[in-house]
Amino acid sequence: MKIKPLQIVAHIILIIGVLLMVLPIWISFASSTHENVSILTEGMRFTLGDQFSRNYNEVLNEKGGWSEEVTAAKMFINSFIMALGIATLKVAISAMSAYALVYYRFKLAVPIFWLIFITLLVPLEVRIFPSYKIVSDLGLTNSYTGLILPLVASATATFFFRQFYKTIPDELLESAKLDGANAWSFFIDFLVPLSKTMIAAMFIFMFVYGYSQYLWPLIMTTAEEYWTVVMGMKIIYTESYEGVALPRTAERFAYIILSMIPPVLVVVFLQKWFIKGLIQTEK
Amino acid sequence: MSFLDLKNVTKIYPNGTKAVHETSLSISEGEFMVFVGPSGCGKSTLLRMVAGLEDITEGDINLDGQLINEVDPSERDVAMVFQNYALYPHMNVYNNLAYGLKNRGIDKETIEQKVNDAAKLLQISDFLQRKPSMLSGGQRQRVAMGRAIVRNPKIFLFDEPLSNLDAKLRIQMRLEIKKLQQKVGVTSIFVTHDQVEAMTLADRLAVINNGIIEQLGTPIEIYNNPESLFVAGFIGSPQMNFLDANLNNKTLSAENFEIKNIDSDYNGEVTLGIRPEHLIESENGLINLKVELVEQLGSDNLVYGQIKNIKDFCYRSPGNQIIKKGDTLSLNIEENKYYIFDKSTGKRVN
């Protein structure tokens with residue numbers, strides 16, 4: 001096969017893209033296997049060192065935080081619970097609200113949809129004070145409920161589900177009705193299985209969204225047992241060591257590498273459906 | 001009281017379109033009724049009102065002695081076969097058939113029994129584990145019918161179920177539907193715009209136009225005795241020939257011929273209708289047809305030609321006859337095989 005110049009150019013661009021994506025991760029990983037001293041003196045590393053088990057062990061098991069109560073492992077669990085809760089509820093709620101918007105023909109369906117859609121312009125960061133006020137008045141600070149609840153509505157997912165439901169032929173609903181399906185069983189027996197690839201795709205998006213929340217857990221949690229990975233990244237190794245000790249750069253890198261694992265796992269497990277959900281609909 | 005009773009049923013859509021006008025109709029148990037008409041005539045709307053998929057604006061529908069106007073479709077015990085089959089794409093054939101039964105809370109063994117019986121009847125036993133996307137058009141059609149049969153409903157509703165099939169398969173399925181309905185004996189309503197389908201399937205036929213039943217009767221009654229110009233033009237293939245004419249004192253005068261002693265007291269402008277198959281060749285016939293085109297179907301020929309100013313006049317001749325373009329044929333009308341309609345109202349006058 002003859003290789004065209006254009007193909008070479010295309011491949012070079014793609015390779016540059018891959019390097020841009022992969023190199024930072026590799027540098028983080030390589031650096032996380034060295035001693036703090038050597039990173040401090042010689043900068044970041046491209047080669048593997050010999051401190052892998054020591055650094056990772058320390059990160060997972062050492063207690064950190066202001067009162068030295070929380071370990072990184074605990075923070076991973078917290079983040080996982082938060083992300084799982086947010087993703088599950090976001091998908092469930094938006095699938096159901098899209099169902100209502102598409103199949104219950106009331107006059108306000110379209111205005112209500114656009115109202116939901118407009119909330120895309122008001123992300124959590126904009127409404128963070130009112131949200132905090134409500135959550136704190138409800139006594140939900142320092143709880144998983146408080147971490148999850150204000151984030152469970154999703155205009156994006158509602159929009160995608162609505163567009164998907166609109167492509168389902170009316171005959172399917174009519175036929176199901178004649179077969180004795182009620183509103184709930186049509187949703188569970190038809191829309192959910194038909195949109196399962198969509199659900200998987202949405203779940204991944206929302207999981208990553210929930211996992212990477214920073215500001216909300218930061219102001220929400222004062223108790224260290226509710227700290228999440230992303231906020232911990234900032235806090236855990238700075239506050240606990242004052243001045244005299246070396247910056248613990250290697251451990252931080254190890255922490256970063258570990259923090260990537262849960263979302264990567266979710267993507268790996270759901271990717272087959274994820275891709276299907278983005279490029280095709282099973283009909 | 002008959003099995004299915006429609007009384008002055010009217011459908012007006014929210015935008016003001018009147019789809020069905022005060023239609024009354026009775027269907028007896030076990031009867032195969034066909035609604036036929038051009039697209040947009042309201043036949044599907046009428047069917048969907050029976051199914052409960054459209055609200056009834058006015059009038060009453062009674063099924064098996066029960067007023068069902070306000071009854072939810074799921075409670076009506078009717079089954080419908082849709083034009084695009086509306087099979088459940090994510091369920092295999094078995095579950096497609098079983099779904100309606102499950103919703104009725106029937107136990108598993110009975111469901112299995114019923115599904116297997118229906119599958120056997122329709123010869124789809126081999127595909128029970130397949131998804132609809134892996135079936136051919138004809139097989140999907142069978143599954144759609146199986147889904148209707150398995151529930152043993154009070155009435156079958158067919159909404160143009162054959163129009164997505166190719167011509168050969170359509171004829172085959174038509175035959176199978178008829179056989180099946182005779183075997184199962186369930187009251188059925190079948191909607192179609194294809195008059196051949198309508199003629200072959202129906203015990204009784206309702207020809208619908210603009211939301212009104214123009215004529216109701218057995219296929220042969222309607223063929224032999226169309227009551228209006230619309231019915232005459234719609235039923236019969238190829239279409240009936242229409243000629244402008246005048247009727248005065250029992251004498252009909254068309255462009256270049258006359259028919260005397262007509263059994264009608266109507267005077268005025270009329271339309272004369274003659275079916276292509278009711279013409280015979282004879283010496284000194286009434287009509288001289290200049291042949292322009294011959295369609296050879298094998299069993300017979302369709303001859304299209306011109307009589308004076310009238311174009312595309314059709315005559316069906318026996319297949320063994322050789323007719324060429326440019327020939328002039330002398331034709332007579334079979335005795336009393338002509339139809340005369342009031343030109344302004346379209347009503348039959350002879």
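Where in chain B does B:Val349 lie? The points below begin with that residue, after a word on conventions. This is a predicted model, in which local features need pLDDT of at least 70 and side-chain atom pairs count only at pLDDT 80 or more, while totals for chains, interfaces and linings use all residues. Residues are numbered from 1 along each chain as its sequence is written, chains are lettered from A and ligands numbered from 1 in the order in which they are written, and side-chain values use heavy atoms, with hydrogens and water left out.

1. B:Val349 is found in the segment after strand E20 (339-342) of chain B; helices (H or I, at least four residues) and strands (E, at least two) are DSSP runs, numbered from the N terminus. With a relative accessible area of 19%, B:Val349 is buried, where buried means under 20% relative accessible area, exposed over 50% and partly exposed in between (1.4 Å probe, protein chains only). Once neighbours within four places in sequence are left aside, B:Val349 is in contact with B:Asp263, B:Ser264, B:Tyr266, B:Val270, B:Ile340, B:Phe341 and B:Asp342, contact meaning heavy atoms within 4.5 Å. B:Asp263 is 86 residues away along the chain, and its C-alpha atom is separated from that of B:Val349 by 8.8 Å.

2. For chain B as a whole, there are eight helices and 20 strands, and the C-alpha atoms fill a box of roughly 75 × 45 × 35 Å along the principal axes. Of its 350 residues, 52% count as buried. Among the contacts between residues at least 6 apart in sequence, 64% join residues at least 24 apart.

3. Some backbone geometry in chain B deserves a check against the model. Most residues other than glycine have a negative phi, and most peptide bonds are trans. B:Ser237 and B:Pro238 are joined by a cis peptide bond, with omega about -5 degrees, and B:Pro238 sits in the loop between helix H8 (229-234) and strand E11 (241-248) of chain B.

4. Two residues with positive phi can be read together. B:Asp64, with phi near 50 degrees, belongs to the loop between strand E4 (58-63) and strand E5 (66-67) of chain B, and at 43% relative accessibility it counts as partly exposed. B:Asn284, with phi near 55 degrees, is in the loop between strand E15 (279-281) and strand E16 (287-296) of chain B, and at 75% relative accessibility B:Asn284 counts as exposed.

5. In chain A, helix H4 (residues 72-103) and helix H8 (residues 155-166) pack at an angle of about 45 degrees, with their axes 8 Å apart; axes are lines fitted to C-alpha atoms, for helices over the stretch in contact, and angles run from 0 to 180 degrees between N-to-C directions. That angle makes H4(A) oblique to H8(A), given that angles under 35 degrees count as roughly parallel, over 145 as roughly antiparallel, 65 to 115 as roughly perpendicular and the rest as oblique.

6. Which residues of helix H3 (residues 52-61) of chain A are buried? They are A:Asn55, A:Tyr56 and A:Val59. Seen down the axis of H3(A), these buried residues fall within an arc of 90 degrees, so they line one face of the helix; the arc is that of the directions from the helix axis to the C-beta atoms. The face turned away from the buried side of H3(A) carries the exposed residues A:Ser53 and A:Asn61.
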